Amino acid sequence: MLYDLMEMKKYLKENLSQKRYTHSLNVADECRKLALKYGEDSERAYLAGLLHDICKELPDTEQKRLAVESGFSVCREELETKSLWHAIAGAYFIKTHFGIEDIDVLNSVRFHTVGRAGMTRLEEIVYLGDLISADRDYKDVDKMRKISYTNLNEAMLEAFSFAVKSVVKKGGLIPICTAEGYNFYTRLHREEKSKK
Ligand SMILES: [Fe+2]
Ligand SMILES: [Fe+2]
């Protein structure tokens, strides 16, 4: 790999809290493991996992500025939800700051919060790696860990259901791409079931 991982880790250490820096390293490790399990490039998975939250602790205004400046297509609900800005900003930041051009790595960072329909294997790995990393301890995390290593599509459907439910619970807005992602994996699940 041409990228300087040490430089990236140094940047993360200097710009994130200890807790989030540890989370980033854990997600990177988890993504590498998932990549090995599912035949994806483990170095790219590690890289995307490592960098996924790079902009999470920037001031909100800066995150939003980067998200808008990125030129990536962003739906209205994302712009109305502060907690989602860091993903769009992050993809743009690693492109401009570290020169990462790999579109799959960029999209894995970009969509790690909202997801979308038809995610690539790498995008799925980063989405799930973020949910099941070693530092996660929510109620059903062990169940989520187990299905992430047994059936990728099932795990994605479970993750989207979880995401939609928690947004509704908090009275938030469902980004269109999240709804599309949920529908995509629901259809996939139905198709798989009808083949059995
Ligand atoms: Fe994040
Ligand atoms: Fe994260």
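Student: Which residues have the most contacts inside the largest nonpolar core?

Tutor: They are Cys-31 and Ala-48, in a core of 49 residues. This is a predicted model, in which local features need pLDDT of at least 70, side-chain atom pairs count only at pLDDT 80 or more, and totals for chains, interfaces and linings use all residues. Residues are numbered from 1 along each chain as its sequence is written, and chains are lettered from A and ligands numbered from 1 in the order in which they are written.

Student: What makes a set of residues a nonpolar core?

Tutor: Its members are buried Ala, Val, Leu, Ile, Met, Phe, Trp, Tyr and Cys residues joined through C-beta atoms within 7 Å. Buried requires 20 or more other C-beta atoms within 10 Å, exposed 12 or fewer, and partly exposed lies in between, with C-beta atoms placed from the backbone. Helix α6 (85-98) gives the most to this core, with eight residues.

Student: Why is Leu-58 called partly exposed?

Tutor: Leu-58 has 19 C-beta neighbours inside 10 Å, and therefore counts as partly exposed. Its place is in the loop between α3 and α4 (60-69).

Student: Why is α2 called roughly antiparallel to α3?

Tutor: Helix α2 (residues 18-38) and helix α3 (residues 42-51) pack at about 155°, with their axes 7 Å apart. Angles under 35 degrees count as roughly parallel, over 145 as roughly antiparallel, 65 to 115 as roughly perpendicular and the rest as oblique; therefore α2 is roughly antiparallel to α3.

Note on methods: Axes fitted to C-alpha atoms, helices over the stretch in contact; angles between N-to-C directions. Helix = DSSP H or I, 4+ residues; strand = E, 2+ residues; numbered from the N terminus.
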